[in-house]
Amino acid sequence: MSKSKHTFRYKHASVNKVRPKLTKGAENKQLPQKAKVRKPIQKDKNAKLRIIPIGGVDAIGKNMTIFECGEHMIMHDAGCMFPDDAQRGIDLILPDYGYVLDNQSKLKAILITHGHEDHIGCLPYLIKDLDKTVPIYGTKLTIGLIKVKFEEHGIKNAQFHEISSGDSTNIGCFQANFFTVNHSIPGGVGIYLQTPAGNILHTGDFKLDTTPIDGEITDFSLISKFAKTGIDVLMSDSTNSLIKEFTPSEAVVGPVLEQIIDRAPGKVIIASFASHIHRIQQVCDAAVACGRKVVVTGRSMIQNTEIARKLGYLHVSDDDIIDAYELSSIPSDEVVVLCTGSQGEPLSALARMACGNHKVISIDEGDTVILSATPVPGNEKAVDSVINDLSKIGVDVYDKTRALVHVSGHGASEELKIMIAMCDPYAFIPVHGEAQHLLAHARLADEVGVDANNIFVCDNGDVIELSTSGVKRCDPVQSGVVFVDGLSVGDTSEDVIDQRSQLSDGGVAVISGAIKGNKVIGSLHVSLLGVSGDENSLHDDLRRTVIGALNKALKKGTDMNHLRKVAKDALLSILWERTNQRPMVVVNLTEV
């Protein structure tokens, strides 16, 4: 399979040299007391571990990695990505997991690090495509969010295994060890995999927040113990590798929210990610401190807050939450509305409020809106559109450029360097980011002291092989994306998306006519949709031009396929000359 190559020294690193001392299995005494005592994985000089990023190393989203050792394979996360403006009509973008389906007899387990969509959104589609039940491992909240998703897709009899930090389990030739990482959602874990070929630590999404609002800090102790046992390959979150210094603590957001809410004269509407449970907790705390009731709206926001409260991750009294239908009986300065729409999604609760289309909640002049999130790359225009709609109403809008109403859940460059230094890996693979983020993370690893020859910047489908003699790059496997378009999965191609884009940008022109012998018979009909210009005169010119081109081609003798091309080229030529537009052209010529 051919893959594009980049002129980047880490990208092409291929190492076969014998390493210094290779890692040995962990001693049981090093495991936390609550971890299950298991025999260490014994090293085998003939064993080979294939590390295959299926998604997540070309964009922020659709994270999925395969670890394959002999006849055993496990999957690390199964996420999706949301489309941008150029991908018209697309609901979700999934990693192409065709390689997994082709090798599903080897698939022993799916390990999920946390409950964000870019780590669990692909699961329902994958599970429905598999011919067997595969156990899914995750923390309590992560499994709770997945179960609701499965119910929506009609998936029954899924096999779940709840894990906690410090847990260890044997899966085929793998031993998976889980450790807490701090992120913007509770229940996040990293995974340390021991195999006969060597050991891998995958951080998952993380930050090194020493004052998290739930008290769950990244488990430095366990990471240090794994480092002492030996980490042959570190795979680490690259999302904020371009950001200097440290990511601020989540705890700094709460006081800012409280200040804004306290001085707001009317309703306060706060838009955030529905899965950002820590932020939702801070909104609830700030609202209660200011003597306001909380209204939750937006399907996913309602769903996630219910799950988080039920499982004990979100703490807010029933007396402090009211239904949206009760708003009319409460003064507007006693309400905080928590909703979806921080990414400018056109059907989100905030977007519908801004357009006056929400069935219950209205936004009025003097109200305050807080966008408590950073736009995902590609969503900036949609967010600006919502802000403009709100500004026309006379709403006071806050985002992170105006006040500290959002901090990232991902570690910045200094935190990434600390993680690399703690792990002291032999080889390094940056993951979870676009090419610029991976490259920046690779440079950080180089600065910290990882041998440049052992730093691998990957594309989706690349294969990195680990054995007791070294780490090297192998031939890639199938990769790409799968589009979810309504109820259709995988039926929409890039060509279809390009056609939709062309229709939106240039409109469509349809040529209809009949050919008999070497003549155009009857009247040739040209229809234009979405093409500017004086219709009557333009249509007459188009018909004359196309008929002339067809008659000229017919005199020379040609087949129907060539005639269709002649008609299309003639139409596009004059349209460009007259309107500076290039619409999609459909030619319907019939031979009679």
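What volume does the largest cavity have? The largest cavity has a volume of about 70 Å³, a cavity being a set of points on a 1 Å grid over the protein atoms alone where a 1.4 Å probe fits but cannot get out, and a volume being the space filled by probe spheres set on the points.

This is a predicted model, in which local features need pLDDT of at least 70 and side-chain atom pairs count only at pLDDT 80 or more, while totals for chains, interfaces and linings use all residues. Residues are numbered from 1 along each chain as its sequence is written, and side-chain values use heavy atoms, with hydrogens and water left out.

Select Asn-182, His-183, Asp-209, Glu-250 and His-278, which lie nearest the centre of the largest cavity among the 14 residues that line it (lining residues have an atom within 4 Å of a point).

Next, select residues 508-516, which form strand E24, and then the edge strands E25 (519-529) and E26 (584-591), each of which pairs on one side only. Strands are DSSP runs of E with at least two residues, numbered from the N terminus, and two of them pair if DSSP finds at least two bridges between them. Together they make an open sheet in the order E25-E24-E26, with mixed pairing. Strands E24 and E25 run antiparallel and are joined by 8 bridges, and Lys-516 stands opposite Lys-519 in E25.

Finally, select residues 1-9, where pLDDT (the predictor's confidence in each residue, from 0 to 100) stays under 50. Where pLDDT is low, the predicted coordinates should not be read in detail.

Methods
Helix = DSSP H or I, 4+ residues; strand = E, 2+ residues; numbered from the N terminus. Contact = heavy atoms within 4.5 Å. 1 Å grid on protein atoms, 1.4 Å probe; cavity = no way out; pocket = protein on both sides within 12 Å on 5 of 7 lines; lining within 4 Å.
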